[in-house]
Amino acid sequence: MQQKPSFPDNLTGNYAQDLDILDRALRVRESFDIVGRDLVFAGRQAKLYLIDGFAKDAIMLKIITTLTAIQEGDLEKFPDTKSFSDRYIPYLEVSLETKVSTVVDQVLSGPLALIVQGYPEAIMIDARTYPTRSLQEPDSDRVLRGARDGFVETLVFNTALIRRRIRDPKLAMEILTAGESSHTDIALCYMEDRADLELVQRVKERIGHIKVQGLTMSQESLAEALISSKWRNPFPKTRYTERPDTAAAALLEGRIIILVDNSPSAMILPSGIFDFFREADDYYFPPITGTYLRIIRIVI
């Protein structure tokens with residue numbers, strides 16, 4: 001059985017050694033879509049690690065243009081990595097990392113890693129973009145009234161659609177990961193003043209203890225690992241929606257919303273048997289009309 005190569009826990013601060021560690025950890029030579037771009041500016045060497053297809057070309061060009069404009073001797077005014085990044089990295093989401101596994105995980109998730117000779121930390125630049133489809137109404141959950149947008153396969157876009165509807169600081173969106181190989185991002189959304197915080201904690205603990213290689217089928221894989229099925233209760237334990245307005249309404253009712261990256265639907269917890277007779281139209285029509293439609297569905 002082939003053993004996985006071992007790497008140091010932290011970057012060494014030695015430029016050549018750090019490049020060798022990251023080249024082997026990211027398998028730059030074996031993978032064509034993992035790019036290692038060598039740079040030279042202000043008399044120093046640097047290397048930029050990124051995934052081809054995830055990085056925004058305009059932002060990369062701006063960063064490289066800014067770096068190459070640095071004159072030799074200017075870096076003496078900025079002896080540490082933080083002061084250098086604050087001065088010469090013209091972007092909002094910038095962080096410093098020394099842990100090798102964190103640098104590798106972030107690069108594989110989309111952010112860029114910049115290693116500069118003379119600085120011990122890696123500069124992480126979250127300038128990623130994902131291929132996505134347009135925000136259109138889901139075919140399986142259309143309404144006669146209301147919004148015509150729906151969730152897509154990009155997690156950040158889905159959380160923004162909910163934030164647009166609930167502008168309350170008590171809306172919490174915690175980021176979790178699951179899958180030893182996939183490292184799939186999971187967003188746990190709830191209202192702090194309305195949700196059952198004990199249930200929220202139990203859900204977080206169960207997600208943290210999931211031992212799977214990857215969530216290849218997104219929420220279905222998560223539901224199988226998260227919720228144990230019992231023969232005496234054959235009904236579904238979770239409800240799904242592809243509409244951000246329905247998810248926002250469920251949050252205001254005290255429910256928990258789980259969003260999984262690469263999935264255009266949201267998981268709603270907890271759910272009862274009568275929740276499956278509800279549709280998005282019930283929120284937009286008057287109570288009598290909505291109740292009438294719900295009774296017809298139950299009878300059918």
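Guide: Here are a few labels, each set against its definition. This is a predicted model, where local features need pLDDT of at least 70, side-chain atom pairs count only at pLDDT 80 or more, and totals for chains, interfaces and linings use all residues. Residues are numbered from 1 along each chain as its sequence is written, and side-chain values use heavy atoms, leaving out hydrogens and water.

Visitor: Why is the contact between Lys-47 and Asp-23 called a salt bridge?

Guide: A salt bridge needs a side-chain nitrogen of Lys or Arg within 4 Å of a carboxyl oxygen of Asp or Glu. For Lys-47 and Asp-23 the N to O distance is 3.3 Å, so the pair qualifies. Lys-47 sits in strand E2 and Asp-23 in helix H1, 24 residues apart.

Visitor: How do you know whether Lys-47 is buried or exposed?

Guide: Buried means under 20% relative accessible area, exposed over 50%, and partly exposed in between (1.4 Å probe, protein chains only). Lys-47 has 9%, so Lys-47 is buried.

Visitor: What makes Arg-165 count as partly exposed?

Guide: Its relative accessibility is 29%, so Arg-165 falls in the middle class. Arg-165 also forms a salt bridge with Asp-149 (2.9 Å, N to O). Asp-149 is buried, at 13%.

Visitor: What makes a set of residues a nonpolar core?

Guide: The members are buried Ala, Val, Leu, Ile, Met, Phe, Trp, Tyr and Cys residues joined through side-chain atoms within 4.5 Å. The largest such core here has 24 residues, with Phe-41 and Leu-112 among those that touch the most other members. Helix H2 gives the most, four residues.

How values were computed: Helices (H or I, at least four residues) and strands (E, at least two) are DSSP runs, numbered from the N terminus.
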